[in-house]
Every structure is written in C-alpha cells, then in structure tokens.
Amino acid sequence: MGEKLKIAGWVSLGVVAGALTTVSLQTVARGSLSPMPLEEIQQMSAVFGLIKTDYVESVDDKKLITDAISGMVSGLDPHSQYFDKKTFKEFQEGTSGKFVGVGIEITQEDGLIRIVSPIEGSPADRAGLKTNDLITKIDEAAVKGLSLNDAVKRMRGQPNTKVTLTIFRKDESRTFPVTITREEIKTQSVKVKMVDSGYAWVRISQFQERTVDDFVRKVDDLYKQNPDIKGLVLDLRNDPGGLLDAAVALSAAFLPKDVTVVSTNGQLAESKAIFRASPEFYARRGADPLRSLPAALKSVPMVVLVNEGSASASEIVAGALQDHKRAVLMGAQTFGKGSVQTVRPLGPDTGIKLTTARYYTPSGKSIQAKGIVPDIMVDETAEGDLFAALRMREADLDKHLASGQGAEEKDEAREKAREAARKRLEDEAKKPESERRPPELGSDKDFQLQQALLQLKGQPVKVSQTKTERPEEKKDDDGKTPAPKEDKPSGGTIQKK
C-alpha cells in the first residue's frame, strides 16, 4: 500500500505540476514574479494521491481536479466562480438575456441559496417568490452542501419541465414548496410609461446586451408621444446589475459628454481604467447607440429609485448620476456589489469568473461592501419599512471583498435593529399573504414612486423614520484611496456581470 501511495503521489504531482506550470507561465507573462508555493503544491498532490488510493470508492481524476479548481476560486469571494462546459454556456446565455430556467437571480448564504431578485414576468415571479427567500431544497436534493454552480444546474433544464423548490421565507417564519414550470426566459429589461401628467417612469430590471437598444427605442417612442415631459423617474430597484458597457451607456444618456462614469482598480494594468460618457467606452459596433435620443434627456429633472436589491451595474449608474448632481437618489442604501469580474477561458468551453478590480464612483468612493447612500431615504410603504434592517447586502455575505478604503466597522445599531425586526416578524406572519406582498413596481400603489413624483413636483416627501445609513468605514493608516489615474481603459475585453 505504501508503494502504491508513493507512486500515486508522484503521478498526481506530475498532473498538478503540469497544469500549474501552464498557470505559472501565464502568471509570469502577466508581470508577476512571485515563486510558486512548492510545499503547498506537494500537499495538494499528496491529498490527490490519498483520495485515489484510500477513498471508499474510485473517484475520477477529472472530477477531483475540477473540484479543486472550483474550491480554489469560490473560496476567494462570493462572486468568483469556476465554469464547467454547461455553466459557461449558461453564463453567456444569462448576459444575452435569454435562457431556460425559472427566472431568479441568486447568491449563496450560509450554505443555502438566497434569491437576490426574481426576474420580472418570469415563472418564479409569477409563482410569488421574493427577494431574500431562501431555497433549501431543489426537487429532492438538499441545497446545503451544493455549490452555487450545482444549484444553478438543477434549476436549469428543458422548456416545459417542472422543478420543485422548497422555500424558507424568513419574514413569515415558514417553509413551503413551490413547483415551477421551466421556460425560456426572455427578460424585458426596460419598461417605460407615463405615470402622471408630464411625468415618465423608466424601469431597468437588468443590464444585458439588449438593454441599451431597448432603452433607446422605448424612450424615443415615449418622447414622440409626450414631447413635453416635465420629470423622469429612473427605477433601479431590485436591479441586480449586468454588463458594464450597458451601465456606462445608460449613464451617458443623461450625463454631459466625456464626464467620468466609473473607474476601476486592480492588480492588472487593464483593471486600472476610467470609463467616460463617450461612445468609445460603450459602443459595440462603432456607431453611437444613443445618437437618436432627444436632447431633452440631458436636462429633464430626474429622481433615481434604488434599494437593497440594486447591485453592481445599477450602483454604477446611481453613483454617477448622484456624484454629477444630475439626479436625486431616493429609496434605500444599495447592495454594495462594487467588484469587477473578468471571465478567463481555461479551454474551448470552460473558464473562470474572477474578481479582478473594484468599482469607484466619479468622486473616488468605493462601492464595494458600502453601496450608494440615497440623498433621501424613503420606506417601501406609507406605514413604514420596519424590516429594512433584515435586508441582506454585500457586506453581509461570507468572504465578501472589503472596500479597499479602510477596515469595516461592525454596526452595533444595525444589530439591535435586526433583533427588534425579528420580534416584529411574529405578528407580521399572522397577516394574510396578500397584505404582506408589496405592491407592483410602477403602479399607483407604489409608495416610493409616488414620493419620487412629489420630489419632482417640488412637494413635501415622506422621509423614512426607520432606514439608516451604514457607518462610514475606517480609513487605513495610510489613508489610501486606490482610485486609478489613467485617462482611459487599456483594454476592452473584460466581461462583467
């Protein structure tokens, strides 16, 4: 047995070393001269050998290596991820705005799957799933112990097939099953309509490849039918983000030409970039996709609605419009997903999504683990928003990346507010479900939208009595704020989501 172990160990060392030699060469090519940690590599090889010889049953070499890569990447932060053949394809489909599934944006929390937001009009949305619902089982498989990739695989499938999700809803203290029929999800990421005489509502539910074209077409039509728009509400609530160039384009639609929209900073030269309100930073096919938009869009009075579900690309837009004083932000402090993910291929059909930089608003503030703080805090309903303290943000996620602008400080007041909110849940859970479900966004019962219209009309707004800003992070001893200095990005190959 000892000789077998020794042989297996050397063979596996050769396999791992061969793969890591390639990585090492790539690392050196990118400018890093750090030596490979040989002792740790030998330990990994020894574990590989022990599993091959001692585990209760035979394990495929490819599975072991794939699982090792997946664990290495997922252990970094909540957004770095390994893509096998199937998940790589699904990721690409997700950014295109078309895929087969149930229609939810998800993340991982305490070994379970948390719903960031259901996609509007999707089977999950129609089934009544909500932001912050926890998925505990997918069909008969317990979610505890599954990777995010595995959970996605189980929820994706063929059109017209069914999947049963077991949901734990914290604010109702109950667990219940929901059976959903999978279908091709063609997300309509842009909605527009007049919500009052002279006042428009523009809803962006996600930033996808089609978002900019849809936005231009729908806003053009809106202005043709209503040329004298007096005010506009840009609704980014529960928008989980998406593609960076779409966020830059949408910001540019409202901002003066060439002003800074967002900057990024990381180890790589290509991660140190400034993105401006200019076609070279968002146009994919040469021509400016915004060229037909009415000039009035640059000056129409604006309110931007955000909440805890507004993340990533939607935070970029909100931060840019706020910093340039182009719009008043209302709602709740945003999610705080201020990191850049770069997709690197590992072969023809596999790859990794790796966090490579942080986002900074035009004034140089890091979005990561902090989010965007509205100018005016507004509750979800006229009765208040007593459960705001229970809403999850980036800073609540396990292994989240720090902001880079100082150590995070535990918010004792928020912890007390959470405890008080948990006690209120017992009474809330006794109410009929119809009374607990918030009104449809954009409807005449949408309290935050009504407050936004009052703001545009110069009338008093009902400010929240319960929402509070998270405390500022402490600065590092050297006071570093690592926003980049470059005038424009050095590369355009990064894909963000």
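These are my notebook entries on a predicted model of a protein.

**Entry: overall make-up**

I began with the secondary structure and counted 12 helices and 19 strands in the protein. The protein has 497 residues, and 50% of them count as buried.

**Entry: confidence**

I checked pLDDT before going into detail. The average for the protein is 82, and 77% of the residues score at least 70. Residues 1-29 stay under 50, and for them the model has 23 contacts beyond four places in sequence. Residues 473-497 also stay under 50. For residues 473-497 I found 74 contacts beyond four places in sequence.

**Entry: helices α2 and α3**

Two packed helices are described by the angle between their axes and the distance between the axes. I looked up both for α2 (residues 38-54) and α3 (residues 61-74): the axes come within 11 Å and cross at roughly 145 degrees. The crossing is right-handed. On the α2 side I listed F48, I51 and K52 as making the contact, and on the α3 side D61, L64 and I65. By type, the residues of this contact are four nonpolar, two charged and no polar.

**Entry: L165**

I picked L165, which lies in strand β7 (residues 162-169). L165 counts as buried because its relative accessibility is 0%, and the cut-off for buried is under 20%. Which residues does L165 touch, leaving aside its neighbours within four places in sequence? I wrote down L129, I135, K137, I138, M155, F176, P177, V178 and I180. I138 is 27 residues from L165 in sequence, yet the two C-alpha atoms are 4.8 Å apart.

**Entry: helix α9**

Why is α9 described as largely enclosed by the rest of the structure? The reason is that 10 of its 11 residues are buried. I listed the buried residues as A313, S314, E315, I316, V317, A318, G319, A320, L321 and Q322. After α9 comes K325, and I noted its phi as positive, near 55 degrees.

Definitions and conventions
Residues numbered from 1 in each chain as written. Predicted model: local features only at pLDDT ≥ 70, side-chain atom pairs only at ≥ 80, totals over all residues. Heavy atoms only, no water. Helix = DSSP H or I, 4+ residues; strand = E, 2+ residues; numbered from the N terminus. Buried < 20%, exposed > 50% of the residue type's maximum accessible area, 1.4 Å probe, protein only. Axes fitted to C-alpha atoms, helices over the stretch in contact; angles between N-to-C directions. Left-handed = near helix turned anticlockwise from the far one by under 90°. Contact = heavy atoms within 4.5 Å. Nonpolar A, V, L, I, M, F, W, Y, C, P; charged D, E, K, R; others polar. pLDDT = per-residue confidence, 0-100.
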